[in-house]
Amino acid sequence: MRPPPPPLWLLLLLHLGAAASPADPSEDPLPAPQNPEIWLYNAQQVLSWDPVSLSNETRPVVYQVQFRYSTSSEWFDIDGSESIVKVNCWGILATECNFTPTGLSPGFPKYFNISLRVRAELAGRRSAWAPAPWFQHYRNVTVGPPENIAVTPGEDSLFISVSPPFNITGSSKVTFLYYVHYREKSGNQQVKGPFSSNLIVLTDLKPLRVYCLQVQAELVWESQAISRPGRLSNESCHETKADASTRLQQEALIAIATFLTLVGLAGSCLYLILRYRGLIKHWFHTPPSIPAQIEEYLKDPAQPILEALDDSSPKEDAWDSVSIVSFPEKE
C-alpha cells in the first residue's frame, strides 16, 4: 500500500525554503579582466589590463596569460617554459605582462601574428578568458624618433648622423628611411628625404645662417606594403660655417673697419690738439726756476743777499803784465 502524498502546504513550504536559501558565492565565476591591450613602442611589447576588484574579498586576485600564433589553434601558457618567450606571466599579481626583448628573452617574433588572452583566478575560481586584439609588431608598432642625433656644421651644409629607433632583427625585409624637417630660423619649413643611410648631408644652405631641424624615421616593409612613419625628434638649431668668398669678404671688412678706426682716432687727436693747444702748451711748458742763491737765501734769510750774490759772481779775468822793450837801430 502506497503512503499518502504529503499535504500541499508542506510541499509549498519546502519550495519556499529552497528558494530562500542563498547560493554559495564561492562557486560564482570571477569577472573577466577588462580592456586588455598591447603596447608596442619601438622594441617594447607589453600587455596590460584593468584589475579585477571584488568587494567581499581580501585575498589577492592572480592572472594567467596565454598566447597563440595565427597559424595555430593551440594556446600556450606563458609560464616561462616556452623557448621563444621566456617570461613568466602565470599566476602573477601584476596587471601587465612585459614581453620586450632582453638578454634572456627575445620577445615575440616581429614578423608573426600573435594573439593573447588573460583571465583572473582566486582560490580555484576562474574568470572567462579576455582576448586582446591580435598584433604583428612591424605592422602595429609606434616608431619613436631616431636616437644619437649628431649635427656637424659645414660651409654651406649640415652633416647629420643618426641611429635607428630600435634594431631590426632577423631578415632585412624591414628597413628604416629618414627624413629631415628643417627651416632657416626665420623661414619656412622644408623636408628632405628619404635617406636610406644613417649619414645625412643637407646641402645648398646659406653660409653663416642658423637652421633648425628635426629628424624622422619611417619603418618600411615593402613586401607587405607596410609603412610606419615615426615621431619627430626634438628640434635643434645650428649655424653653418662661412665659405671661402664669405671669409674673404669678412677679412676685407675687418681691414677696412680697422683702417677707418685708426683714421678716425688720428683725426680726433689732431682736432683736440688744435683746439686745446694753449692748454696743452701750458701743461708741457717747464716753469721758471729760482736761482740757487735766492733759493739758499729763502732757506736762510739771515745770510746777506748781496754777499751771496758777490761770492757767486764770476771773478774778473787775471791779466799778466807785459813790458815792451825797444832798442834803437844802428846807423
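A salt bridge is taken here as a side-chain nitrogen of Lys or Arg within 4 Å of a carboxyl oxygen of Asp or Glu. By this rule, the chain of this predicted model holds three salt bridges.

**The whole chain**

Six helices and 17 strands are present. Of the 331 residues, 27% are buried. Among contacts with a separation of 6 or more, 60% are between residues 24 or more positions apart.

**Stop 1: glutamine 64**

Select residues 62-69, which form strand β3, and then glutamine 64 within that strand. Is glutamine 64 buried or exposed? Its relative accessibility is 3%, and therefore glutamine 64 counts as buried.

Show side chains around this position. The side chain of glutamine 64 makes a polar contact of 2.6 Å with the side chain of arginine 119. A polar contact of 2.4 Å also runs from the side chain of glutamine 64 to that of glutamate 121.

**Stop 2: arginine 126 and glutamate 121**

Arginine 126 and glutamate 121 form a salt bridge, with 3.4 Å between the closest N and O atoms. The two partners can be told apart by their accessibility. Glutamate 121 is buried, at 15% relative accessibility, whereas arginine 126 is partly exposed, at 41%.

**Stop 3: the disulfide of cysteine 89 and cysteine 97**

To which residue is cysteine 89 joined by a disulfide? The partner is cysteine 97, with an S to S distance of 1.6 Å in the model. The torsion about this S-S bond is about 85°, so the disulfide is right-handed. Cysteine 89 and cysteine 97 are both buried.

**Stop 4: the disulfide of cysteine 212 and cysteine 237**

A search of the whole structure finds two disulfides. For the other stop of this kind, select cysteine 212 and cysteine 237, whose sulfur atoms are 2.0 Å apart. This link has 100° about the S-S bond and is right-handed. Distant parts of the chain are linked by this pair: cysteine 212 belongs to strand β15 and cysteine 237 to strand β17, 25 residues apart.

Colouring by accessibility separates the two ends of the bond. Cysteine 212 has a relative accessible area of 2% and is buried, while cysteine 237, at 38%, is partly exposed. With the bonded cysteines numbered in sequence order, the pairing in the chain is 1-2, 3-4. Select cysteine 269 as well; this residue is partly exposed, with a relative accessible area of 46%.

**Stop 5: arginine 183 and glutamate 235**

Next, select arginine 183 and glutamate 235, whose side chains meet in a salt bridge at 3.3 Å, N to O. This pair links distant parts of the chain, 52 residues apart: arginine 183 is in strand β12 (residues 174-184), and glutamate 235 is in the loop between β16 (226-232) and β17 (236-239). Glutamate 235 is partly exposed, at 41% relative accessible area.

**Stop 6: arginine 209 and glutamate 184**

Remain on strand β12 and select glutamate 184, together with arginine 209 in the loop between β14 (199-202) and β15 (210-221). Arginine 209 forms a salt bridge with glutamate 184, and the closest N and O atoms are 2.7 Å apart. Because arginine 209 lies in that loop and glutamate 184 in the strand, the pair ties together parts 25 residues apart in sequence. Arginine 209 is partly exposed, at 34% relative accessibility.

**Stop 7: threonine 240**

Finish with threonine 240, in the loop between β17 and α3 (244-275). Threonine 240 is buried, with a relative accessible area of 2%. Which backbone atom lies 2.9 Å from a polar atom of its side chain? That atom is the backbone nitrogen of leucine 208.

Definitions and conventions: Residues are numbered from 1 along each chain as its sequence is written. This is a predicted model: local features need pLDDT of at least 70, side-chain atom pairs count only at pLDDT 80 or more; totals for chains, interfaces and linings use all residues. Side-chain values use heavy atoms; hydrogens and water are left out. Helices (H or I, at least four residues) and strands (E, at least two) are DSSP runs, numbered from the N terminus. Buried means under 20% relative accessible area, exposed over 50%, partly exposed in between (1.4 Å probe, protein chains only). A polar contact is a pair of N or O atoms within 3.5 Å; within protein, one must be able to donate a hydrogen and the other to accept it, and residues adjacent in sequence count only if both atoms are side-chain atoms. A disulfide is a pair of cysteine sulfur atoms within 2.5 Å. Contact means heavy atoms within 4.5 Å.
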